[in-house]
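Morning, everyone. Please have a look at the structure on the screen, and I'll walk you through it in short steps.

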Amino acid sequence: MSSSQSKNKEAKRMSSITNKLHSQLIRGKVGAYSAANIFLFVAIFLLWIIQTETDNLGEIVWNYDRNFTTRGEGLSNLRYVVEYKDKVLLEKKAFDVLLAAIIAVAVAIIFQQLGLLFSYYAEHRKIKKILSPINDMAIKYDELTKMPFDETKFQIVEDAIEHISPEQTTELSLGDSDLLGIEAAMNNMLKKMHDTYMQQARFVNDASHELRTPISVIKGYANMLDRWGKEDEEILNESITAIKNESDHMNHLVEQLLFLARGDAGRNTMKFENVKLNDVMKEIYEESLMIDEHHVYRFFEKNENVFMNVDPSMIKQAMRILVDNAAKYTNEGDEISLSVGFNDDGRPFMRVQDNGMGMAESDVKHMFERFYRADDTRKVQGTGLGLSIAKWIVDKHNGHFEILSRKDIGTRISIVF
């Protein structure tokens with residue numbers, strides 16, 4: 001077999017392995033998305049059932065008989081019925097919630113497909129690049145043929161490559177001294193492949209973290225619409241407008257997360273415009289009041305307008321992260337204050353202050369590192385990603401953070417432009 005034929009054979013093998021690894025990654029994502037969609041569909045119905053029975057019967061009684069029926073009049077007449085000893089206690093039309101659940105799942109599927117579409121070719125290129133050391137093996141073909149290298153050794157290498165997984169963290173051991181160079185190259189390849197796999201996992205976590213707040217806002221308005229919007233036209237119009245706005249924001253946020261993923265490659269762009277920071281902070285304040293009933297929110301606005309040339313969506317995203325963190329580490333019923341203004345140096349700032357658990361000085365130094373979490377905060381649910389995203393946004397605006405925090409007293413974080 002000629003050198004060129006051997007290289008072509010190795011190239012085909014690498015392409016096959018790349019496709020297998022990529023398919024495995026895609027199958028894993030699709031499986032996770034499918035499970036999440038089923039959970040979302042079931043959760044919407046369960047929440048509706050619990051709320052319906054609580055509002056109409058006062059409590060949930062487990063020994064009641066429950067069923068869905070159309071009474072032979074088509075799916076549009078789907079009804080939820082609660083009975084006890086053949087007596088109908090509750091009968092509610094359920095088609096609207098069925099339609100809402102289908103729409104919610106459909107929207108989720110659209111975003112999932114968009115995510116897969118945007119990442120498909122990038123992931124394939126990354127895996128191919130990570131496997132590129134295999135090509136180096138072909139370049140050293142002449143050197144390897146001088147060794148006592150039989151078909152068994154090729155089979156050892158092929159079997160090892162066949163079982164490579166992006167989740168793998170342990171190093172390969174081929175158990176042959178003649179293959180030490182190849183073994184080192186493959187372990188280097190495995191490390192790079194694992195790092196890329198973890199980077200993809202981090203991106204999914206970033207998206208989940210950042211989409212939670214707009215989804216909560218939409219859910220809040222949907223609940224308000226369900227309770228009062230059917231009879232009150234003003235609430236109906238307000239809720240529809242808010243849901244449309246937040247849906248648009250979610251769509252834009254997905255695009256921004258894609259920009260964030262490309263940020264390290266220097267291919268990200270920002271859309272700056274002259275914005276009144278007072279209005280941005282007021283939106284954050286009003287949303288916090290609606291989605292978080294467990295804390296007292298205060299908005300301190302001085303009699304001065306603060307205008308800045310910023311990307312409003314990105315700045316709003318960064319402030320949401322800070323407010324969300326303050327809520328996580330502050331006891332229920334305690335106060336979280338938001339403010340905007342100019343500091344003593346005349347520089348604009350946006351500030352979040354709480355009286356929660358606070359941080360040690362050693363933790364403050366690391367708080368913007370991705371996945372860093374102080375020991376005493378690990379019991380609080382979170383990914384450790386939010387503050388790193390906020391710092392990326394602030395850095396792109398040539399701003400910086402000013403942090404004052406004391407253990408068991410609280411934390412004040414200011415974005416200074």
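At 2% relative accessibility, tyrosine 80 counts as buried. Buried means under 20% relative accessible area, exposed means over 50%, and partly exposed is in between, with a 1.4 Å probe and protein chains only.

Now some ground rules. This is a predicted model, where local features need pLDDT of at least 70 and side-chain atom pairs count only at pLDDT 80 or more, while totals for chains, interfaces and linings use all residues. Residues are numbered from 1 along each chain as its sequence is written, and side-chain values use heavy atoms, with hydrogens and water left out.

Next, the overall picture. The protein chain has 11 helices and 10 strands. Those are DSSP runs, numbered from the N terminus: helices are H or I with at least four residues, strands are E with at least two. The chain has 417 residues, and 40% of them count as buried. Take the contacts with a separation of 6 or more: residues 24 or more positions apart account for 68% of them. Contact here means heavy atoms within 4.5 Å.

Back to tyrosine 80. Which ring does tyrosine 80 pair with? Its partner is tryptophan 48: the ring centres are 5.8 Å apart and the planes stand at 70 degrees, so the pair is edge-to-face. Tryptophan 48 lies in helix H1 and tyrosine 80 in strand S2 (residues 79–84), so this pair ties together parts that are 32 residues apart in sequence. Tryptophan 48 is buried too, at 13%.

The rule for rings of Phe, Tyr and Trp (its six-membered ring) is this: they pair if their centres lie within 6.5 Å, and planes under 30 degrees apart count as stacked, over 60 as edge-to-face and the rest as tilted. By this rule there are 7 aromatic pairs. Take phenylalanine 41 and phenylalanine 45: their ring centres are 5.5 Å apart and their planes at 50 degrees, so this pair is tilted. Both sit in helix H1 (residues 3–57), 4 residues apart, which is about one helical turn. Phenylalanine 41 is partly exposed at 29%, whereas phenylalanine 45 is buried at 12%. Ring pairs link Phe41, Phe45, Trp48, Phe68 and Tyr80 into a cluster.

Staying on helix H1, look at glutamine 51. Is glutamine 51 buried or exposed? Glutamine 51 is buried, with a relative accessible area of 19%. Leaving out residues up to four places away in sequence, glutamine 51 touches Asn223, Asp226 and Arg227.

On to charges. Side chains of opposite charge can pair when their charged atoms come close. A salt bridge is a side-chain nitrogen of Lys or Arg within 4 Å of a carboxyl oxygen of Asp or Glu. How many salt bridges does a search of the whole structure find? It finds 8.

Arginine 66 and glutamate 53 form one, at 2.6 Å from N to O. Arginine 66 lies in strand S1 (residues 65–69) and glutamate 53 in helix H1, so the pair ties together parts 13 residues apart in sequence. Glutamate 53 is buried at 1%, while arginine 66 is partly exposed at 28%.

Glutamate 91 and arginine 79 form another, with the closest N and O atoms 3.8 Å apart. Here glutamate 91 is in strand S3 and arginine 79 in strand S2, 12 residues apart.

Aspartate 395 meets lysine 391 in a salt bridge at 2.9 Å, N to O. Both lie in helix H11 (residues 386–396), 4 residues apart, about one turn of the helix. There is also a network of salt bridges, which links Glu283, Glu287, Lys316 and Arg320.

Last topic: backbone angles. Most residues other than glycine have a negative phi, and most peptide bonds are trans. Which way does lysine 85 go, positive or negative? Lysine 85 has a positive phi of about 55 degrees, although it is not a glycine. Lysine 85 is in the loop between S2 and strand S3 (87–93), and is exposed at 67%. Aspartate 408 also has a positive phi, near 65 degrees. Aspartate 408 sits in the loop between strand S9 (400–406) and strand S10 (410–416), and counts as exposed at 66%.
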